[in-house]
Amino acid sequence: TRSERNYVSFREAVLNPLPKDGGLYIPEVLSPISYSFITYLKNCSNYEQCVFILNWLLENEFSENELEILAGSISKIPIKTHSLNDKIDIIELWHGPSGSFKDFGAQFLSSLYKLLDFGKSPLLIVVTTGDTGAAIAEAFKNNNLIDVWILYPKSQISKYQENQLYVDAKNIHVVAVEGDFSLCQAIRNACFADNDINDRYCLLSANSINIARIIAQVIYHLSIYLSFDKDPAALYNIPSGNLGNFCSAIIANQLYSAVDKFIVANNSNAAFYNYYYESNEKYVKTKNTLASAMDIIKPSNLERIEFMLGSTWNIMRNDIVAKVSGNKQILKTINNVHRNYNYLSDPHTSSALLHALTKKTNNKHYVISTANPNKFPELIPNVSISNNKQELKSKTNKLRIINKFESLKEMIVV
């Protein structure tokens, strides 16, 4: 995104996710898929769609057998649709092993890394506001080839999410950070810039700064688009924090134009909302919200979005709406939707669902649902959620807590 001359293969971009100039990788060319292929894909299975899209995006970087392995890692996770009413469909992306949409990227990475030559001992560093870390822990537990370090902002994720990070696996190391997600990102970035760590390890990232995560998400968005009826045009509602999901949805729409308007929902941290409306209000400190996975004030993928849209931003603004949902609005939406539709949504999905419910239109709303509501039992005291209302046994009695890069480096370089 910062140098038009810095072209690398997909494999190179995955193995070196942060370019030396500090930018982020994006696909070089996004050629729209022809109408004849779209017609063909609409009649294919989800697995067949995944194989085709991977080959379209990655061209000849992987063999047919490798593409089938990678496609299988994504297509094995079901995408389910719940029709709330005749104008709103909720697309549930949380039916993977950790209960969030991050399972798509995590399972894809787990399969992808088995196909790569690292040269040195691989070390995977991931920062999380809850869901990414849990998905990576599930995908990589007991993978003795890769050591995984998970950093999360202490006191900014739910107890259920925190417990999900502490899997029983020798290769998974969990560290709480006294600070917000931005500090976690800064510590992660310092690791990638450190000569001692780089001399010893091949550093990998599982966050959406890694282009592989974006590719995995492009695939499921495009599969969703292929299920749409073209008339009326779709309104696509996306809960957004670090903007990886939104960035992927834009790329998918460039491959197959199926969305009439994107409705990007922020929580009260309002990072994209402030950018969209060119607000002078800048938050120095992250606000803790009910939609904790979106508690981000410096979204990494905004740089990708700016680069891709570039001079077309003022035109694209007509196709994008930015919204904010506060804690009271989120909680009210959760309870109203359960009472009126007998449907339970998590706080992140509810931030987007709120605007679908309040915006009257002839077009159909598709709301991206990102997490299993069972992960947030404390938010809905009057509703019995599966059997997760039981008291959670803490797995965090041996917390490792840091507030600076040097402390993490001492743990890694032993």
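**A strand residue and its surroundings**

A: Leu84 is found in strand 1, which spans residues 80-85. The model is a predicted one. Leu84 has a relative accessible area of 8% and is therefore buried, the cut-off for that class being under 20%. Setting aside residues up to four places away in sequence, Leu84 touches Ile90, Val337, Tyr341, Tyr343, Leu353 and Leu357. A further pairing can be given by distance: Asn342 is 258 residues from Leu84 in sequence, yet the two C-alpha atoms are 9.2 Å apart in space.

Another strand can be described by its faces and its partners. In a regular strand, side chains alternate between the two faces of the sheet. Strand 5, residues 172-177, is mostly covered, with 6 of its 6 residues buried. Strand 4 (residues 147-153) runs parallel to strand 5 and is joined to it by 6 bridges. Within this pairing, Pro153 stands opposite Val177 of strand 5. Between strand 4 and strand 5 the chain passes through helix 7 (residues 159-165), making a right-handed β-α-β crossover. Strand 5 also pairs with strand 11 (residues 401-402), again in the parallel sense, over 2 bridges. Here Val177 has Ile402 of strand 11 as its bridge partner.

Two packed helices are described by the angle between their axes and the distance between the axes. For helix 5 (residues 102-113) and helix 6 (residues 131-140), the angle is about 40° and the axes are 8 Å apart. The crossing of helix 5 past helix 6 is right-handed. From helix 5, the residues in the contact are Lys102, Asp103, Ala106, Gln107, Leu109, Ser110 and Tyr113, and they meet Asp131, Thr132, Ala135, Ile136, Ala139 and Phe140 of helix 6. Sorted by class, this contact has 7 nonpolar, 3 polar and 3 charged residues.

Two residues of that helix contact, Leu109 and Tyr113, also touch Asn210. Asn210 lies in the loop between strand 6 (201-205) and helix 10 (211-225). Its relative accessibility is 0%, so Asn210 counts as buried.

Note on methods
Residues are numbered from 1 along each chain as its sequence is written. This is a predicted model: local features need pLDDT of at least 70, side-chain atom pairs count only at pLDDT 80 or more; totals for chains, interfaces and linings use all residues. Side-chain values use heavy atoms; hydrogens and water are left out. Buried means under 20% relative accessible area, exposed over 50%, partly exposed in between (1.4 Å probe, protein chains only). Helices (H or I, at least four residues) and strands (E, at least two) are DSSP runs, numbered from the N terminus. Two strands pair if DSSP finds at least two bridges between them. A crossover is right-handed if, with the strands pointing away from the viewer, the path from the first strand over the helix to the second runs clockwise. Contact means heavy atoms within 4.5 Å. Axes are lines fitted to C-alpha atoms, for helices over the stretch in contact, and angles run from 0 to 180 degrees between N-to-C directions. A crossing is left-handed if the near helix is turned anticlockwise from the far one by less than a right angle, and right-handed if clockwise. Ala, Val, Leu, Ile, Met, Phe, Trp, Tyr, Cys and Pro count as nonpolar, Asp, Glu, Lys and Arg as charged, and the others, Gly among them, as polar.
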